[in-house]
Amino acid sequence: MIGMGPTGKTISGFEQFKMRFARMITTPLATRFRHRLCGSKVRQYADKNAGDTMLVTIQAEVIRSVSDKNNQMNDEFSIEQCLASRTSTGVLLTISGTYHGTVVKFEVPMNV
């Protein structure tokens, strides 16, 4: 799939997937026009106090969102691990999984 990065440059492959993943995680559920079932509840949890219980809830919601067929991630990506950690500006998600048969690991910042 081909897309456009934040700088306007054309991106494809795994870089484009990471951008779509971050957009899926940061898009509140039921807010996309014509795609009401796309998105996740991660943003509403990340806005709250990032205690240990909330970090576990965020991890579970990321895994649920990736597995949701409406987000169209499960055909090309299989998530194996999600680790949420606190940062000074919000939460950092470290994602591990398999992208088209290749083991990958990447980070998604959730700045609030």
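**Note on the predicted model: salt bridges, sheet and helices**

1. R64 is partly exposed, at a relative accessible area of 34%. Here buried means under 20% relative accessible area, exposed over 50%, and partly exposed in between (1.4 Å probe, protein chains only). D68, at 16%, is buried. The two side chains meet in a salt bridge, 3.5 Å from N to O. A salt bridge is a side-chain nitrogen of Lys or Arg within 4 Å of a carboxyl oxygen of Asp or Glu. E61 belongs here too: salt bridges with shared partners join E61, R64 and D68 into one network.

2. A word on the basis. This is a predicted model, in which local features need pLDDT of at least 70, side-chain atom pairs count only at pLDDT 80 or more, and totals for chains, interfaces and linings use all residues. Residues are numbered from 1 along each chain as its sequence is written, and side-chain values use heavy atoms, with hydrogens and water left out.

3. The protein chain has three helices and five strands. Helices (H or I, at least four residues) and strands (E, at least two) are DSSP runs, numbered from the N terminus. Their order from the N terminus is β-β-α-α-α-β-β-β.

4. The sheet is open and has three strands, in the order β3-β4-β5, with antiparallel pairing. Two strands pair if DSSP finds at least two bridges between them. The edges are β3 (77-87) and β5 (102-111); each has a single partner strand, so one side of each lacks a neighbour in the sheet. From one strand to the next, the twist averages 20 degrees.

5. Look at the β3 and β4 pairing. Strand β4 covers residues 90-99, and ten bridges join it to β3. R86 has V91 in β4 as its bridge partner.

6. Two helices lie on these strands. Helix α1 (residues 13-26) lies across β3, β4 and β5, at about 40 degrees to β5. Helix α3 (residues 52-67) lies across β3 and β4, and runs at about 155 degrees to β3. Axes are lines fitted to C-alpha atoms, for helices over the stretch in contact, and angles run from 0 to 180 degrees between N-to-C directions. Contact means heavy atoms within 4.5 Å.

7. Helix α1 also carries charged pairs. K18 and E15 form a salt bridge at 3.3 Å, N to O. They are three residues apart in the helix, which means a separation of about one helical turn. K18 is partly exposed at 25% relative accessibility. E15 is partly exposed at 45%.

8. Which residue forms a salt bridge with R20? The partner is E76, with the closest N and O atoms 2.0 Å apart. E76 lies in the loop between α3 and β3 and R20 in helix α1, so the pair ties together parts 56 residues apart in sequence. E76 is buried at 16% relative accessible area. R20 is buried at 9%. The whole structure holds five salt bridges.

9. Chain totals follow. Of 112 residues, 41% count as buried. Accessible surface comes to about 6700 Å², with 53% belonging to carbon and sulfur atoms. These areas come from the Shrake-Rupley method with a 1.4 Å probe; for residues, only the protein chains shown count as cover. Among contacts between residues at least 6 apart in sequence, 36% join residues at least 24 apart.
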